[in-house]
Amino acid sequence: MVFHLFLPIVSPLIGAALAVLLNRLPLASRLIALLSTLINLGYGLWLMVTVPASGPLVAQASGWLAPFGISLVADGMSALMVMLAALLMLTTIIYSFFSIDYERERHFYYPLLLLLLLGVSGAFLTGDLFNLYVWFEVLLVASFGLITLGGSRDQLEGGLKYVVLNLLGSTAFLFGCGLMYGFAGTLNMAHIAERMATLTNPGLQTVLAGVFLFAFGSKAAIVPLFFWLPSSYHTPPVAVTAIFSGLMTKIGVYSLYRVFGLLLQNELAIYGPWLTLLAGLTMVIGVLGAVAQMNVRRILSFHIISQIGYSIMGIGLASAAGLAAGLVFTAHVMIVKMALFFIGGAAEQINGTGDLKRMGGLARREPLLALFWFLGILSLAGIPPLSGFIGKLILLQVGVSQQAYLITAVAAATSILTFFSMLKIWNEVFWKKSYEDVSRLPRVRFGLLAPGAALVILSVALGLLAGPLVEYNTIAGQQAFDRDAYIAAVCGVDGCEAVYQAAVR
Amino acid sequence: MMPLLMMLSIFMLLRGHNLPGGGFIGGLLAASAIILQIVAFGPKTAQRILPVNYLLLAAFGIFFGAIWGLPALFAGLPYMQAFWLPEPIPGVGKIGTPVLFDVGVYFTVIGVTTKIALLLVEEPTIFPLPTMKSAPVEHEEGA
């Protein structure tokens with residue numbers, strides 16, 4: 001029991017309330033946003049140092065005992081995600097300082113960012129299925145606000161699609177929660193996992209897994225359910241698109257990992273091949289969708305979908321090693337994808353448009369921006385010294401070692417397609433000669449360049465120092481797949497059922 | 001009606017810990033008192049009688065509710081672990097951090113509910129925002 005596990009939830013909550021109260025002072029709400037994100041980042045780092053050695057950390061809300069109250073659980077996967085969420089939010093806030101207009105700030109831009117961070121951290125930490133739903137709602141409400149803030153016609157159109165399709169997914173999730181409660185009689189994840197091992201009604205478990213796959217799949221934008229993403233992600237300001245690309249779909253992935261790794265592990269044997277099929281389709285269709293686009297952020301949006309395929313492949317491989325490989329990849333893609341959005345967004349702001357046909361000539365005008373973009377796409381494609389190489393290499397290794405040759409081949413081929421598609425942006429935005437006079441364009445400001453550059457440098461560093469990253473994620477993958485340790489950490493060595501029976505008697 | 005409903009709402013707020021009532025119900029009652037004013041006399045009069053910024057009230061409510069979970073955190077207990085005063089205060093009942101948390105909920109519910117009602121009756125002040133970079137909204141989203 002660690003009482004301070006609530007810190008990453010409490011700090012953005014109080015921060016958001018304070019930032020609304022002090023909304024009249026723009027500087028104050030900026031500082032508050034910065035501070036509470038830094039608190040989360042520090043705490044996330046501490047968790048990452050502590051958790052691999054100690055096993056999952058647990059806290060019970062209000063001190064209610066585990067299967068009855070709401071538990072917060074931080075295992076390796078949660079700790080990594082909490083840290084990454086705070087890190088990405090930090091870069092977003094810094095980027096926002098230099099790019100968000102005053103009107104948006106006045107209309108609660110930073111409190112909304114903090115509420116997003118609150119929902120995300122809560123979703124990563126909670127150990128209760130229904131509580132996970134509540135955190136999903138918190139972060140969705142915040143994201144609805146962020147995506148429509150400003151109220152231009154494009155934004156409302158994209159926002160509407162985003163809201164409707166996400167609510168559909170949320171409804172499915174709620175159905176799943178209800179079914180699960182009726183089926184297992186509990187919503188505590190550890191308790192569900194324990195009962196799932198003993199309950200014998202395989203048909204219903206399969207149905208439940210299907211419902212959750214639909215719910216989280218639509219959040220993660222896997223293949224038949226991705227339509228909301230490319231139609232809405234290019235409409236809000238760059239900073240908002242970037243943080244969405246880094247966090248929103250990855251929460252769906254995290255939930256899939258959690259639900260299939262912990263709650264419905266038995267179902268993985270049945271769903272594994274289908275998940276790999278979906279993963280392959282998602283990779284290919286995402287990257288092919290990008291080919292037809294002529295807008296920087298739309299191309300990048302389709303690549304989010306394609307990259308999600310790799311993360312899903314991690315679960316589809318249905319083993320602790322698969323989960324670990326998927327986690328390495330997800331961590332890498334969160335960082336690199338955001339970096340590309342920041343840099344592409346900066347290019348867009350310089351040119352005043354995201355239309356590839358009307359951009360060009362930035363390589364000579366902004367060599368630093370071009371350099372970081374190039375490193376970013378190399379990393380995304382998986383060229384050796386960068387983090388993308390490590391992420392893909394491990395996934396492919398696990399794929400080969402489990403004789404999943406087809407998906408492995410598809411994954412490798414998709415990397416090449418990804419690189420070609422990214423080269424298109426490179427050619428159009430940076431390399432080709434501009435039709436207009438480039439020297440008239442405004443210079444990129446340091447604040448717009450720095451967040452993306454920092455993330456690219458981080459990606460390079462992760463590629464060079466891959467050992468600790470892989471080691472950490474191997475432990476995290478094992479923890480995510482180890483039901484007994486999770487149950488013991490949440491409910492004690494006798495398990496949740498023993499606590500439950502003792503209380504009922 | 002308004003003072004009566006307000007008193008009832010505070011009564012509801014305080015009896016709520018172990019009986020039906022509590023911050024949410026109390027907040028709804030108080031909000032309905034204000035909304036009745038809006039319906040009867042229009043939003044301007046209602047704003048004059050109770051000159052409150054309801055958005056800030058809601059934010060204050062969240063802040064107030066959240067901070068009463070903190071003492072437990074500082075004492076090394078899980079967030080929101082309850083603390084109670086040993087003796088009940090006559091006329092008010094037992095006071096502890098959950099009651100104070102409920103007060104936060106109370107303010108939040110008043111703030112949010114009334115703000116929504118005000119936005120529905122007033123001319124919109126949030127949208128459109130013509131000074132933002134993007135194009136302003138068409139009129140059909142307004143009303």
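The model is predicted, with local features needing pLDDT of at least 70, side-chain atom pairs counting only at pLDDT 80 or more, and totals for chains, interfaces and linings using all residues. Residues are numbered from 1 along each chain as its sequence is written, and chains are lettered from A and ligands numbered from 1 in the order in which they are written.

Entry 1, a helix pair. I looked up α12 (residues 268-291) and α18 (residues 405-431) of chain A, which pack at an angle of about 15 degrees with axes 10 Å apart. Helices are DSSP runs (H or I, at least four residues), numbered from the N terminus. The angle therefore makes α12(A) roughly parallel to α18(A) (under 35 degrees). In the contact, T276(A), G280(A) and M283(A) are among the α12(A) residues, and V410(A), T414(A) and S421(A) are among those of α18(A). I find ten nonpolar, five polar and no charged residues there (nonpolar: Ala, Val, Leu, Ile, Met, Phe, Trp, Tyr, Cys and Pro; charged: Asp, Glu, Lys and Arg; polar: the others, Gly among them).

I located L90(A) in helix α3 (residues 76-99) of chain A. L90(A) counts as partly exposed because it has 19 C-beta neighbours inside 10 Å (buried needs 20 or more, exposed 12 or fewer, partly exposed lies in between). Not counting residues up to four places away in sequence, L90(A) touches T37(A), L38(A) and L41(A).

Leaving aside neighbours within four places in sequence, I list A59(B), I62(B), F63(B) and A66(B) as contacts of A17(A).

Terms used. Axes fitted to C-alpha atoms, helices over the stretch in contact; angles between N-to-C directions. Helix = DSSP H or I, 4+ residues; strand = E, 2+ residues; numbered from the N terminus. Parallel < 35°, antiparallel > 145°, perpendicular 65-115°, else oblique. Contact = placed C-beta atoms within 7 Å.
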